[in-house]
Amino acid sequence: MGDKEVGNYSDVPDFILVGFRVRPECHSLLFLLFLLVYGVLLVGNMSMISIIVTDSQLNTPMYFFLGNLSFIDLVYSTVIAPKAMVTFLSEKKTISFVGCVAQFFLFVLFIVTEGFVLAAMAYDRFIAICNPLLYSIHMSRRLCTLLVAGSYFCGWVTSLLQVNVTFSVSFCASRAIDHFYCDSYQIEKISCSDLTVNKMVSLCLAVFIILPTIAVILLSYMYIVSAVLKMSSNEGRKKAFSTCSSHLGVVSVFYGTASFVYFTPPNNPELQKVASVFYILITPMLNPLVYSLRNKDVKQALRKMLG
């Protein structure tokens, strides 16, 4: 084909997922590693959802958000992990154009939605600690439902725009995506088109959709820390910090690994792949463990369900 461009949509042939650049015998080890982590991830998040749905004592805003967080973690990991495992063991490491678009769309949708749900959880903790007497009024079932629905809507809008600009380009002869899933940066690298519009859209989405979630989380915790420091009782401070520590840990890991991926130098794609594993598999695996191990209500509900 030489340097000839290929068409934008249906004319584009399958893409090749390069994956990790390791020796062939290491692919089986990668498969087993992904399978182990993904299995723990499935069991942990499905158990968390089951506990929250079946136990009436967990019918509170915090657990409503936590149930949605587990569902989101489960879905966006499932969008990536099974295909990656198949690719590790297959000689034909390809993904169809439609499959690549679908994978990219669903991944962006749920990863952005998770950012908004984490922001809603931070707001929930802010109300619980700073306005405990008005908590049941402020955090009504209707408001919680609207916050989650709004999170999914923002994720859908972001994903739709990102997919349109990412896949509306012309692709060069090379069809090799240097990653184990359809990553936007690696897709743009095999494009022959001018990417100015792509970069502007990505910047606008970051400024108007992603940054506000970070701002809500930071402001919520500024008020929470201020309120906790004003408490006269050490027991009250401990209880307040314990209700926030799990969420704060999840937020730190989620944004920390995601930032590491996108701020890693482009000339080191292997490091980006390793970092991607953390927020695609490791973080969703750890989230239910963090909340269950540090939460008496969840542990009690789990004992009741197992008993």
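The place of a charge is NZ of Lys, CZ of Arg, CG of Asp or CD of Glu.

This is a predicted model, where local features need pLDDT of at least 70 and side-chain atom pairs count only at pLDDT 80 or more, though totals for chains, interfaces and linings use all residues. Residues are numbered from 1 along each chain as its sequence is written, and side-chain values use heavy atoms, with hydrogens and water left out.

**View 1. Charges across the protein.** The protein carries 22 positive and 17 negative side chains. The centres of those two sets sit 12 Å apart.

**View 2. The overall fold.** You'll find 10 helices and 3 strands in the protein; these are DSSP runs (helices H or I, at least four residues; strands E, at least two), numbered from the N terminus. Along the sequence they come in the pattern β-α-α-β-α-α-α-β-α-α-α-α-α. With a radius of gyration of 21 Å, close to the 19 Å from the globule rule for 307 residues, the protein is as compact as a globular protein of that length. That radius is taken over C-alpha atoms, and the rule is 2.2 Å times the number of residues to the power 0.38.

**View 3. The nonpolar core.** A nonpolar core is a set of buried Ala, Val, Leu, Ile, Met, Phe, Trp, Tyr and Cys residues joined through side-chain atoms within 4.5 Å; buried means under 20% relative accessible area, exposed over 50%, partly exposed in between (1.4 Å probe, protein chains only). The largest one here has 85 residues, and Phe15, Phe34, Phe107, Phe167, Phe180 and Leu281 have the most contacts inside it. Helix H3 (residues 97-130) gives the most to this core, with 19 residues.

**View 4. Around phenylalanine 180.** Contact means heavy atoms within 4.5 Å. Beyond its neighbours within four places in sequence, phenylalanine 180 touches several residues, including Leu17, Phe20, Phe34, Ile80, Lys273 and Ile280.

**View 5. Around tyrosine 76.** Look for tyrosine 76 in helix H2 (residues 61-89). Tyrosine 76 is buried, at a relative accessible area of 0%. Leaving out neighbours within four places in sequence, its contacts include Phe107, Glu114, Phe254 and Pro284. Glutamate 114 is 38 residues away from tyrosine 76 in sequence, yet the two are 9.6 Å apart in space, C-alpha to C-alpha.

**View 6. Around asparagine 198.** Asparagine 198 belongs to helix H7 (residues 196-229). Asparagine 198 is buried too, with a relative accessible area of 4%. Setting aside neighbours within four places in sequence, asparagine 198 is in contact with Val165, Thr166, Val169 and Glu188.

Conventions. Lys and Arg count as positive and Asp and Glu as negative; His and the chain ends are not counted.
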